[in-house]
Amino acid sequence: MKNSHLIIFASLVLIGILITQLNQIPNLDKQLVQAKADLKQTKLSHKKSETILSSPQSQQDNVSDSTKIVTAFVKTFSNQPTSSYSEALKGLASQKVINELTQTFAPSVTFSDKAHYDVPIVAIKNAWGSDLEYLVIAKSDVQSVAYTITYDTDEKQVTNMSRLTLKGAFDNEK
């Protein structure tokens, strides 16, 4: 009788352990999915790093092409009426950026028909990775405007931008 109580008690303990383990399976599945996603992201990041390290000329060409596109983008939106942004900037910028320009930046900057903006400075802030960051200054006879612009080399378009405050006059000849 004592042995049967011991066997029943041991069986109950083992059943309790088994139920606990079975309840942990969904959590383990979630952890496995997350670990696989992390591994995939790490491999992708490593592959991009290897590409950059193994082909600096390719990255340099990428940066050069991107700089030309960013310059064209700033010249286009600086010298176009706001109403034509959706057509003029298609392919150069994401729809989010075009909407931001139309609703936020354009009303705060005077882009008149008579003012012509040049882009004397396009400085790269971050040249490594798929998102290149630029500091851009557009200058007319009346005012100068500075922007930080993010260009995604995978999507081949401007994906983010913000306007910076310039204090004092900007003169690129000094």
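With which residues is Ser-66 in contact, leaving aside its neighbours within four places in sequence? In this predicted model, these partners are Leu-132, Tyr-134, Tyr-151 and Thr-153. Ser-66 itself belongs to helix 3, which spans residues 56-78. The residue has a relative accessible area of 1% and is therefore classed as buried, the cut-off for that class being under 20%.

The strands were examined next. Strand 2 comprises residues 131-139 and runs antiparallel to strand 3, to which it is joined by nine bridges. Within this pairing, Tyr-134 lies opposite Ile-149 of strand 3; Tyr-134 is also one of the contacts of Ser-66. Strand 3 additionally pairs with strand 4 (residues 157-164), again in the antiparallel sense, through seven bridges. Here Tyr-151, another contact of Ser-66, has Val-158 in strand 4 as its bridge partner. Strands 3 and 4 form a hairpin in which four residues separate them. In the turn, Lys-156 adopts a positive phi of about 60 degrees.

Strand 3 (residues 144-152) is largely enclosed by the rest of the structure, because seven of its nine residues are buried. Thr-150 is located in this strand. With a relative accessible area of 18%, Thr-150 is buried, since the limit is under 20%. Apart from neighbours within four places in sequence, Thr-150 is in contact with Asp-131, Leu-132 and Glu-133, as well as with Gln-157, Val-158, Thr-159 and Asn-160.

Conventions:
Residues numbered from 1 in each chain as written. Predicted model: local features only at pLDDT ≥ 70, side-chain atom pairs only at ≥ 80, totals over all residues. Heavy atoms only, no water. Helix = DSSP H or I, 4+ residues; strand = E, 2+ residues; numbered from the N terminus. Buried < 20%, exposed > 50% of the residue type's maximum accessible area, 1.4 Å probe, protein only. Contact = heavy atoms within 4.5 Å. Pairing = 2+ DSSP bridges.
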